[in-house]
Amino acid sequence: MRDKNKLPLGTVLALALISGSGGARATGIDKQDFNQIERGHYLTTVGDCAACHTLPGSGHAFAGGRPVETPFGTLIAPNITPDPQTGIGAWTDQEFVNALTRGTGRHGMRLYPAMPYTYYTKLTRDDALAIRAYLNTIPAVHNPVKSDQLPFPFSMRWTMALWDELFFTPGTFHPDPHKSAQWNRGAYLAEGPGHCGMCHTPKNFLGADDTNKALQGYALQGWFAPNITDDPRRGLGGWSVDDIIAYLKTGHNKTSAATGLMSETLNLSTSKMSDADLKDIAIYLKGEASGSSANKTASADPPDQTVMKAGAQVYADECSGCHTSSGKGVPGLFPSLNGSPAVQQTDPTSVLHVVLRGALSVGTAPQPTAPAMPQFGWILNDDQVAAVVTYIRNAWGNAAPTVSASQVKKTRQMLVGRSD
Ligand code: HEC
Ligand code: HEC
Ligand code: HEC
């Protein structure tokens with residue numbers, strides 16, 4: 001998929017390098033430019049610009065047109081190819097850096113935070129300019145896009161100045177001198193270009209990050225992006241650095257398999273990051289405070305025993321064939337539900353989504369075949385789904401709030417009309 005976005009210039013440049021200064025002179029690009037463009041290409045992958053700015057199936061990398069859902073309505077991501085009329089070809093470098101790291105459009109208008117400038121603000125100026133240098137090399141596509149389609153009152157762009165005033169802290173990443181170089185690099189990538197918090201950090205009523213709960217989990221677009229702090233039950237406390245690397249590289253590790261929104265982030269972005277960077281991100285996530293201690297010790301009320309018994313029966317009939325009766329699954333094939341943080345999130349949206357709709361786990365280049373989880377939405381009624389999900393959230397030492405039939409019904413309604 002990324003191949004589409006590969007530098008068309010890449011080969012030319014590589015040849016120029018191999019053939020030494022003569023070739024470089026011939027293309028008018030020196031080695032320093034080449035390094036900057038390559039670094040920009042990599043950062044564009046880390047920043048996952050394609051997730052929003054490339055319309056899947058259009059064949060036009062970064063030409064915009066993809067709807068981006070926000071809690072307030074849908075925006076259409078603009079064209080960021082070098083086309084001077086409909087893209088950003090006529091923008092100065094400074095205008096580009098301002099858009100990326102300050103959230104201001106070309107003529108000073110405010111961008112909506114659906115564009116992750118609240119994270120990209122942490123980019124160094126050099127890195128922001130490298131992204132620009134790379135974007136200058138991709139094919140220009142003429143594609144006019146009208147971004148804002150938000151309903152009133154969010155259609156008023158100027159209100160975003162107020163939003164920024166309240167919730168946006170501009171400024172590049174400051175390394176923490178008490179932490180290792182690896183932790184700092186991981187923090188830079190995750191909090192800056194990787195914008196992990198855009199999905200994983202809970203939001204306030206105006207869609208801004210609740211920074212006291214960084215990376216503690218958030219429901220969006222029909223999925224729940226789980227707690228990825230080091231919290232022992234709901235977070236990654238039980239995962240080693242290698243488990244995290246394997247997940248971010250391939251979408252799988254010994255206990256988990258990625259689905260939904262994270263599959264796209266994996267395909268377009270994390271699976272293409274260098275092993276060293278993935279390791280630094282893992283070190284950062286493991287070293288991240290697990291949030292409030294209340295969260296750590298929070299134990300759910302024990303569920304009703306009749307519900308647990310009904311759930312155990314459904315589990316034995318429908319699920320144990322793959323996930324096994326101990327819930328431990330089969331490494332590399334069927335994820336473990338026993339001890340799984342994804343299963344024990346306070347918000348059951350993702351678990352219900354997977355059980356009702358099934359899931360085709362992500363296939364990534366390093367691990368191309370993906371096993372599938374069948375759909376149970378049409379086999380099980382709301383009470384049965386509530387029971388089996390309550391059961392897997394509380395069997396084998398797991399603990400999480402019970403799920404009611406009305407929550408299942410609501411999730412079914414929410415999923416109507418969603419294709420993912
Ligand atoms: C989560 C979705 C998302 C991601 C990821 C994203 N963008 Fe955007 N971007 C948007 C949206 C939506 C807008 C339009 C915002 C508006 O109209 O207020 C936008 C606007 C922009 C603009 C302003 C363009 C214009 O015509 O006004 C630039 C430049 C830009 N993005 C560059 C990037 C780059 C470079 C990356 C990767 C480092 C990136 N974006 C990643 C959603 C995204
Ligand atoms: C577009 C939204 C989005 C972005 C951006 C995103 N994630 Fe995720 N992530 C998710 C969702 C949704 C899941 C749950 C997937 C599932 O249930 O299979 C998830 C799952 C995960 C998991 C597995 C957790 C578990 O308990 O199973 C890890 C680890 C993770 N993400 C790390 C990251 C990191 C690191 C970044 C930034 C580099 C990131 N994510 C960026 C949406 C996102
Ligand atoms: C045919 C084999 C099979 C059966 C039967 C099955 N599953 Fe799965 N299940 C999978 C596979 C494969 C995955 C991983 C793929 C994915 O997440 O995309 C999975 C994933 C899951 C997940 C997500 C785990 C995570 O880490 O995000 C949950 C929850 C789950 N199954 C629950 C159930 C329940 C409850 C049942 C019975 C009602 C069930 N499964 C029956 C194969 C199966």
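## Exercises on a predicted model

Thr 121 is buried, its relative accessible area being 0% (buried means under 20%, exposed over 50%, partly exposed in between, with a 1.4 Å probe and protein chains only). This is a predicted model in which local features need pLDDT of at least 70 and side-chain atom pairs count only at pLDDT 80 or more, while totals for chains, interfaces and linings use all residues. Residues are numbered from 1 along each chain as its sequence is written, chains are lettered from A and ligands numbered from 1 in the order in which they are written, and side-chain values use heavy atoms, leaving out hydrogens and water.

**Exercise 1.** Find where Thr 121 lies and what its side chain reaches.

*Solution.* Step one: look in the loop between helix 6 (117-120) and helix 7 (125-135); helices (H or I, at least four residues) and strands (E, at least two) are DSSP runs, numbered from the N terminus. Step two: follow the side chain of Thr 121 to the backbone nitrogen of Gly 171, at 2.8 Å. This is a polar contact, a pair of N or O atoms within 3.5 Å; within protein, one must be able to donate a hydrogen and the other to accept it, and residues adjacent in sequence count only if both atoms are side-chain atoms.

**Exercise 2.** Describe the site of the iron atom of ligand 2.

*Solution.* Begin with the protein donors: His 200 (NE2) and Met 262 (SD) lie 2.1 to 2.3 Å from the iron. Donors are N, O and S atoms within 2.8 Å of the metal (3.2 Å for Na, K and Ca), and water is not among the atoms, so sites may look incomplete. Then check burial: His 200 is buried at 10% relative accessible area, and Met 262 is buried at 19%.

**Exercise 3.** Which residues come nearest to ligand 3, and which helix gives the largest share of its shell?

*Solution.* Of the 23 residues around ligand 3, the nearest are Thr 259, Cys 319, Cys 322, His 323 and Met 373 (a residue is near if one of its heavy atoms lies within 4 Å). Helix 15 supplies the largest share, four residues.

Technical notes: Tetrahedral: all angles 85-135°; square planar, octahedral: opposite > 155°, others 65-115°.
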